[in-house]
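Dear colleague,

I am handing over the structure below, and after it I set out what was found in it. Please read the notes alongside the coordinates.

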Amino acid sequence: MRIRDARADDLPHLAVIEREAASRFLEVPTSTGMSALDLQGTLPLAQLADALKHRVLWVAEDRDTVVGFLAATCFGDELYVLEIDVLPSHGERGLGRQLLAAAVQSATERELQHVVLRTFQNVPWNAPFYRRFGFRDLPQSALSPALAKMIENETLQGLRADLRVTMHYPTRP
């Protein structure tokens, strides 16, 4: 298994991975506030293409098959993780950690200050996973205007703010 920069021919496979990974949230509906229908949504292809264009899209590959991905976007001095997914059949093998490491390395090379993300607070494979990696909760008072706008849009799309947490990983000491 390996992590690599995504290619255009990877894009059609990512929605399938995202939906399959999202199905795990059905195990913890009270922690996410999401229904099975909510979980069918995926990142728009245009957003993935933009991440590819800006070289902030990585894939996990197992024997030439894409089994996971991390998509991000840059704004200000932050790399914001839009989505990270690994097929459940390939979970617990360190691929999520390796995808995050690729994003942190990219943010460091771009001289960005932080890698930032939003995730569910009480889902075992979300906030606790990121905390083990080294992410820390980011208080509301420390949000950049761009990040505050992203959170507002997330809430408008139906994600419950009270179930989510903003986290950051500083790329500089």
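Helices (H or I, at least four residues) and strands (E, at least two) are DSSP runs, numbered from the N terminus. This is a predicted model, in which local features need pLDDT of at least 70 and side-chain atom pairs count only at pLDDT 80 or more, whereas totals for chains, interfaces and linings use all residues. Residues are numbered from 1 along each chain as its sequence is written, and side-chain values use heavy atoms, with hydrogens and water left out.

Overall fold

The secondary structure of the protein comes to six helices and seven strands, and from the N terminus on the elements run β-α-α-α-β-β-β-α-β-α-β-α-β. The radius of gyration, taken over C-alpha atoms, is 15 Å, close to the 16 Å that the globule rule (2.2 Å times the number of residues to the power 0.38) gives for 173 residues, so the protein is as compact as a globular protein of that length. Along its principal axes, the C-alpha trace spans about 45 × 40 × 30 Å.

Of the 173 residues, 47% count as buried, where buried means under 20% relative accessible area, exposed over 50%, and partly exposed in between, with a 1.4 Å probe and protein chains only. Taking contact to mean heavy atoms within 4.5 Å, 70% of the contacts between residues at least 6 apart in sequence join residues at least 24 apart. The accessible surface comes to about 9000 Å², of which 52% belongs to carbon and sulfur atoms; such areas come from the Shrake-Rupley method with a 1.4 Å probe, and for residues only the protein chains shown count as cover.

As for charge, the protein has 19 positive and 22 negative side chains, and the centres of the two sets lie 3 Å apart. Here Lys and Arg count as positive and Asp and Glu as negative, while His and the chain ends are not counted, and the place of a charge is taken as NZ of Lys, CZ of Arg, CG of Asp or CD of Glu.

The nonpolar interior

A nonpolar core is a set of buried Ala, Val, Leu, Ile, Met, Phe, Trp, Tyr and Cys residues joined through side-chain atoms within 4.5 Å. The largest such core has 48 residues, of which Leu14, Leu57, Trp58, Phe69, Leu70 and Leu79 touch the most other members. Apart from it lies another core, of seven residues, including Ala22, Phe25, Val123 and Leu163. Leaving aside neighbours within four places in sequence, Phe69 is in contact with a set of residues that includes Leu14, Leu57 and Trp58, and also Glu18, Glu83 and Asp85.

Individual positions

Phe75 is in strand β3 and counts as buried because its relative accessibility is 15%. Beyond its neighbours within four places in sequence, Phe75 is in contact with Tyr80, Ser144, Ala146, Leu147 and Met150, and its C-alpha atom is separated by 12 Å from that of Glu111, 36 residues apart along the chain.

Asp62 has its place in strand β2 (residues 57–62) and, at 14% relative accessibility, counts as buried. Leaving aside neighbours within four places in sequence, the contacts of Asp62 are Met1, Val67, His90 and Arg93.

Two backbone angles deserve a look. Most residues other than glycine have a negative phi. Arg63, in the loop between β2 and β3 (65–75), has a positive phi of about 50° although it is not a glycine, and it counts as exposed at 75% relative accessibility. Glu92, in the loop between β4 (78–86) and α4 (95–109), likewise is not a glycine but has a positive phi of about 60°, and with a relative accessible area of 82% Glu92 is exposed.

Two further loop positions complete the list. Gly134 is in the loop between α5 (127–133) and β6 (136–137), and, beyond neighbours within four places in sequence, Gly134 is in contact with His168 and Tyr169; Gly134 and Met167 are 33 residues apart in sequence and 9.7 Å apart in space, C-alpha to C-alpha. Asp162 is found in the loop between α6 (145–156) and β7 (164–170) and counts as partly exposed, at 49% relative accessibility.

With best regards
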